[in-house]
Amino acid sequence: MKLNVNPQQFEELIKRSYNLDIIYLLKLIDEQYDITPLYKDSMKIASVYQSLIRKGLITENDDKLTTIGKDLLTFVDTKT
């Protein structure tokens, strides 16, 4: 998986209170990677995972991207 974020996108992500940890974990979920072992073994990743839920980027029970999460990934994948 490749993550290409230009400086303008990075600045906008920071303004929206997102960091690259959130974007990367969101991309893993979008690609249907099983992230359970990641957040079970790491408090840091568990915190990022909880942020995804709290910010409304994924659903709580089934780890599906919400409309907000999909829009965020579309923004990151857009070339400017």
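A nonpolar core is a set of buried Ala, Val, Leu, Ile, Met, Phe, Trp, Tyr and Cys residues joined through side-chain atoms within 4.5 Å, where buried means under 20% relative accessible area with a 1.4 Å probe, protein chains only. The model here is predicted, so to speak of local features takes pLDDT of at least 70 and side-chain atom pairs count only at pLDDT 80 or more, while totals for chains, interfaces and linings use all residues. Residues are numbered from 1 along each chain as its sequence is written, and side-chain values use heavy atoms, leaving out hydrogens and water.

**View 1. The core around L26.** The largest nonpolar core has 20 residues, and L26, L52 and I58 have the most contacts inside it. Helices α2, α4 (43–54) and α5 (67–77) each give it two or more residues (helices are DSSP runs of H or I, at least four residues, numbered from the N terminus). The top giver is α2, with six residues. Take L26: beyond its neighbours within four places in sequence, its contacts (heavy atoms within 4.5 Å) are L52, L57, I58, L65, G69, L72 and L73.

**View 2. Helix α2 and its lysine.** Here's α2, residues 20–30, with K27 in it. After the helix comes Q32, with a positive phi near 60 degrees. Buried residues of α2 include I22, L26 and I29, and their cover includes α1 (7–15) and α3 (36–41). K27 counts as buried too, because its relative accessibility is 9%. Skipping residues up to four places away in sequence, K27 touches M1, K2, L3, L73 and D77.

**View 3. Where α2 meets α5.** The two axes (lines fitted to C-alpha atoms over the stretch in contact, with angles from 0 to 180 degrees between N-to-C directions) come within 11 Å and cross at roughly 110 degrees. So α2 and α5 are roughly perpendicular, a label for angles of 65 to 115 degrees. On the α2 side you'll find I23, L26, K27 and D30, and on the α5 side G69, L72, L73, V76 and D77.

**View 4. Where α2 meets α4.** These axes come within 10 Å and cross at roughly 80 degrees, which makes α2 roughly perpendicular to α4. D21, I22, L25, L26 and I29 of α2 make the contact with K44, I45, V48, Y49, S51 and L52 of α4.

Key: Buried means under 20% relative accessible area, exposed over 50%, partly exposed in between (1.4 Å probe, protein chains only). Angles under 35 degrees count as roughly parallel, over 145 as roughly antiparallel, 65 to 115 as roughly perpendicular and the rest as oblique.
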